[in-house]
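Please examine the sequence and the three-dimensional structure shown below.

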Amino acid sequence: YNQFTGKLPTELGHLTAFKLSFDFSNQLLSGAIPTQLGRMSEFGENFDLSTNRFTRAIPTQLGRFTELTTGFMVKSNSICGEVPTEVQALSNNVNNYWQVTTGNDIGT
């Protein structure tokens, strides 16, 4: 069990061949979700940044997770703005755990 604080490092976007669970849920991470994470386009399952302190909009670049089939979770943050069309399109492939708007300020 870890308790990470601060911003999520943009360098994590260099994990381009990362295929399984990317889970930084229930931490104390803050700031914007790095756009560089969109480089991790070969994801198969479980992208989870829920229950943190992320702010701003969901990056459009996360719409590149076209291989993702299970778990896109960014709930319970302070994310605002609209969900980008590219990210909304992922919901067609994600079979379980599409959790985006709950506990966020989507649309503001």
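G31 has F54 as its bridge partner in strand 5. Strand 3 and strand 5 (residues 53–56) run parallel and are paired over 3 bridges; two strands are said to pair if DSSP finds at least two bridges between them. Strands (E, at least two residues) are DSSP runs, numbered from the N terminus.

The model is predicted, so local features are described only at a pLDDT of at least 70 and side-chain atom pairs only at pLDDT 80 or more, whereas totals for chains, interfaces and linings use all residues. Residues are numbered from 1 along each chain as its sequence is written, and side-chain values use heavy atoms, with hydrogens and water left out.

**Confidence**

The value pLDDT is the predictor's confidence in each residue, from 0 to 100. The chain has an average pLDDT of 93, and 99% of the residues score at least 70. Confidence is highest in strand 3 (residues 28–32), at a mean of 98, and lowest in strand 9 (residues 105–106), at 90. Where pLDDT is low, the predicted coordinates should not be read in detail.

**The strands**

Strands of a sheet pair through backbone hydrogen bonds, either parallel or antiparallel. In this model, 5 strands form an open sheet with parallel pairing, in the order 1-3-5-7-9. Strand 1 and strand 9 stand at its edges with a single partner strand each, so one side of each has no neighbour in the sheet.

| Strand pair | Sense | Bridges | Residues opposite each other |
|---|---|---|---|
| Strand 2 and strand 4 | parallel | 2 bridges | F22 and F47 |
| Strand 4 and strand 6 (residues 70–73) | parallel | 3 bridges | F47 and F72 |
| Strand 6 and strand 8 | parallel | 3 bridges | M73 and Q99 |

M73 belongs to strand 6. Is M73 buried or exposed? M73 is buried, because its relative accessible area is 8%; buried means under 20%, exposed over 50% and partly exposed in between, with a 1.4 Å probe and protein chains only. Although M73 and D48 are 25 residues apart in sequence, their C-alpha atoms are 4.7 Å apart in space.

D48 lies in strand 4. This residue is buried but has no salt bridge, and the nearest side chain of opposite charge, that of K75, is 7.4 Å away. The side chains of D48 and S50 are joined by a polar contact of 2.6 Å. A polar contact is a pair of N or O atoms within 3.5 Å; within protein, one must be able to donate a hydrogen and the other to accept it, and residues adjacent in sequence count only if both atoms are side-chain atoms.

**The salt bridge**

Side chains of opposite charge can pair when their charged atoms come close. A salt bridge is a side-chain nitrogen of Lys or Arg within 4 Å of a carboxyl oxygen of Asp or Glu. How many salt bridges does a search of the whole structure find? The search finds 1. The partners are E42 and K19, whose closest N and O atoms are 2.6 Å apart. E42 lies in the loop between strand 3 and strand 4 (45–48), and K19 in the loop between strand 1 (5–7) and strand 2 (22–23), so the pair ties together parts that are 23 residues apart in sequence. E42 is partly exposed, at 37% relative accessibility, and K19 is also partly exposed, with a relative accessible area of 45%.

**Aromatic rings**

Rings of Phe, Tyr and Trp (its six-membered ring) pair if their centres lie within 6.5 Å; planes under 30 degrees apart count as stacked, over 60 as edge-to-face and the rest as tilted. The count by this rule is 6 aromatic pairs. One of them is the tilted pair of F4 and F24, with 5.8 Å from centre to centre and 50 degrees between the planes. F4 is in the segment before strand 1 and F24 in the loop between strand 2 and strand 3, so that the pair links distant parts of the chain, 20 residues apart. F4 is partly exposed, at 39% relative accessibility. Ring pairs link F4, F22, F24, F47, F65, F72 and W98 into a cluster.

Conventions:
Helices (H or I, at least four residues) and strands (E, at least two) are DSSP runs, numbered from the N terminus. Lys and Arg count as positive and Asp and Glu as negative; His and the chain ends are not counted.
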